[in-house]
Structures are given as C-alpha cells and as structure tokens.
Amino acid sequence: EKGYETGEHAPGLKLGGCGAYKAAHHIIKTHAKVWHSYNNTWRREQRGMVGISLTSSWGEPVDPHSQTDRDAAERYIQFHLGWFANPIYRGDYPEVMKNYVGRKSAQQGLGTSRLPTFSVQEKTYIKGTSDFLGIGHFTTRYVLQKNFPLLQVSSYHTDRDLAELVDPNWPAPGPKWLYSVPWGFRRLLNFIKTQYGNPLIYVTENGVSETVQCPQLCDEWRIQYLKGYINEILKALNDGVNVKGYTAWSLLDKFEWNKGFSERFGLYHIDFKNKNKPRYPKASVDYYKKIISANGFPNPREVMS
C-alpha cells in the first residue's frame, strides 16, 4: 500500500485504488509457487518448513455492543491480515473485501473489480501453502464505521469504510503509530486460531522503538512493553493458540524504512556516528535475557541462583 498506492515507500508508485491490490496478488501467487517448489523438490530430504510472515495490528470495535462497529473492526482485520492469510488458509480473498471493493468499483463505473480474482486452479494451488504463520504485531486501534463519499479518489483506505482511533491513555513511547496495547495481541492470536484452523504460529516481530534517546540506556518503557505483550502470548497459549516461538524486534538499532536511523527498535544501542558502530546494551537486554533463560517470566529466586 505504501509502495504501490501512496508512494511513501519504494518503489514510490502512486497507483491509487488498484496498485496495492495488484502487488499483493502477485506476492500471494509467488509465495504459493515457492512453497510448491520446496514441497516437491526438497522437503522429503530436508524436512524443512516454508511459511509466510504477515504483520497485522488488532482492530477493536469502539462500541462492542454496536453491530456496525463490530463489522467495521472485522473489516479492519480482514483488509489487513485476511487480505494475505485468507487466500493461503481458506483459498480466496475475504468475502468482505470482495464485496466492498467490488461494489465501489461498480459505483465508479468500472467493468471489473479493482481487487483481482483468482481462478479456480489458482485457489486450489494457493490454499494450504504455509507450514506455519509468522506474525509481526506491534499495536492496536479502535475502529468504527465511516462512509467515504464516492467523489473521493479510490484507495485501499477508503474501500474499507472505517475510521481508526486510539485511546490517549495508551502509552506511546516511540513513533506516533505505535501505542502499547498488550491485550490486543491475545485477541489477534485467538482470531488467527479461529479463522485459520489454529495454525502453527511464530511471532516474527514484536517490539517498540524510541524516538527520544535515553543517555543512560534506561529503556524502562521497552521492558514494560515486552512484559505486557509476552504475558498476553502466554495467555493465548493457555487459550489453546499454537504459538511455537517468539522473536523480539529487534536485536540492534538499525535502518528503519524511511525513518532511517532516527527510530530505534534495538535492545542494543548502536552509535551510528562512530565509524566502528559500537554496541551498548540497553536495560531491556538484561530483562530479556532473564525471560529467555526461564522460557517465561522467571521466579526472582531462581534468577538469583
């Protein structure tokens, strides 16, 4: 969407209303081809796994008692995670995506939907092409219904007919988009369990950045973020969600998309101005080491011994 619709990221194309859908369509078909290639050629000998890693926020209805808000929150997830996961796990794009994009395309006078279609053969070929689901997750939004007039230029965002809100009380230590809302992660994981047949899950990205550098490397907010989110994963495990592994994002400060080196996700601080790029552990390093060694939240007495 940022690469092929808004042009914010590389390759910088502004193909409003159709570019993102076309790019995603090719990604999904290419993914399936790679999976089948491995499955047919190397799996018997190597016994490896091929999956896909998808990043998704959670969408919570503003009013859980409002059907329109609940529907909007469902659309938020289906247009976000379901866009890629539904074809892979269920054989086609989410029905709500097909309905909304198709209807808006017809209202624009287009002969076909801006959302591409899979042939029957492609649906069969794509379905089931993931031995595990990688999940990147960082934050949550409140969602409510919002109708966009037809006069506006069509886009992925206006196709969804929803608005996103945040709670001003949510901690926001890093960039403007990343609020710490741990309970959303458990709900997302349970959604995946219900929607996609409880697939094997590896959490491939979960973490928080800082925009203001703390000179003492005392990233207490990152410790609280990790504690909250890992705790919700443990709750999801108790719910029966098939989470196999977890990866904090990220080990080191690094080049972050179009933010460059200004946004730091690392457990280790990197001095980018020094030609040797020395690394310094932040407070979160010691905390995360203890979690790893205990494979969960450690008993303080066990840590000391």
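**Exercise 1. State which residue of β4 is the bridge partner of Gly59, and describe the sheet around this pair.**

Solution. Step 1: the bridge partner of Gly59 in β4 is Arg141. Strands here are DSSP runs of E with at least two residues, helices are runs of H or I with at least four residues, and both are numbered from the N terminus. The model is predicted, so local features need pLDDT of at least 70 and side-chain atom pairs count only at pLDDT 80 or more, while totals for chains, interfaces and linings use all residues. Residues are numbered from 1 along each chain as its sequence is written, and side-chain values use heavy atoms, with hydrogens and water left out.

Step 1: Glu60 stands opposite Tyr142 in β4. β2 and β4 (residues 140–145) run parallel and are joined by 4 bridges; two strands count as paired if DSSP finds at least two bridges between them.

Step 2: the strand order of this open sheet of 3 strands is β2-β4-β5, with mixed pairing. β2 (58–61) and β5 (162–165) are the edge strands, each pairing on one side only. From one strand to the next, the twist averages 40°. Such angles run from 0 to 180 degrees between N-to-C directions, with axes fitted as lines to C-alpha atoms, for helices over the stretch in contact.

Step 3: Trp58 and Glu60 point one way from β2, whereas Gly59 and Pro61 point the other way, and all are buried. Buried means under 20% relative accessible area, exposed over 50%, and partly exposed in between, for a 1.4 Å probe and protein chains only.

Step 4: α3 lies across β2, β4 and β5, at about 125° to β4, and α7 lies across β2 and β4, at about 100° to β2. 

**Exercise 2. Determine whether Val62 is buried, partly exposed or exposed, and list what Val62 touches.**

Solution. Step 1: Val62 is placed in the loop between β2 and α3. Step 2: Val62 counts as partly exposed because its relative accessibility is 37%. Step 3: residues up to four places away in sequence not being counted, Val62 touches Asp69, Tyr142, Val143, Leu144 and Leu165; a contact is defined by heavy atoms within 4.5 Å.

**Exercise 3. Give the strand order of the open sheet of 4 strands and name the helices that pack on this sheet.**

Solution. Step 1: the order is β1-β3-β6-β7, and the pairing is parallel. Step 2: β1 and β7 (243–246) each have a single partner strand, so one side of each is left without a neighbour in the sheet. Step 3: on average, neighbouring strands of this sheet are turned by 30° against each other, direction ignored.

Step 1: β6 and β7 are paired in the parallel sense over 3 bridges, and Val203 has Tyr246 in β7 as its bridge partner. Step 5: α7 packs on the sheet and touches β3, β6 and β7, its direction making about 155° with that of β3. α8 also packs on the sheet, touching β6 and β7, at about 165° to the direction of β7.

**Exercise 4. Describe the largest nonpolar core and the elements that supply it.**

Solution. Step 1: a nonpolar core is a set of buried Ala, Val, Leu, Ile, Met, Phe, Trp, Tyr and Cys residues joined through side-chain atoms within 4.5 Å. The largest one has 53 residues, and those with the most contacts inside it include Tyr21, Trp83, Ile135 and Phe185. Step 2: among the elements that each supply at least two residues are α1 (19–41), β1 (52–55), α3 (67–90), β3 (133–136) and α7 (183–195). The largest share, 11 residues, comes from α3. Step 3: a second, separate core of 9 residues includes Leu226, Ile230, Ala248 and Tyr287.

Step 1: neighbours within four places in sequence left aside, the contacts of Ile135 include Leu54, Leu81, Phe185, Ile192 and Val203.
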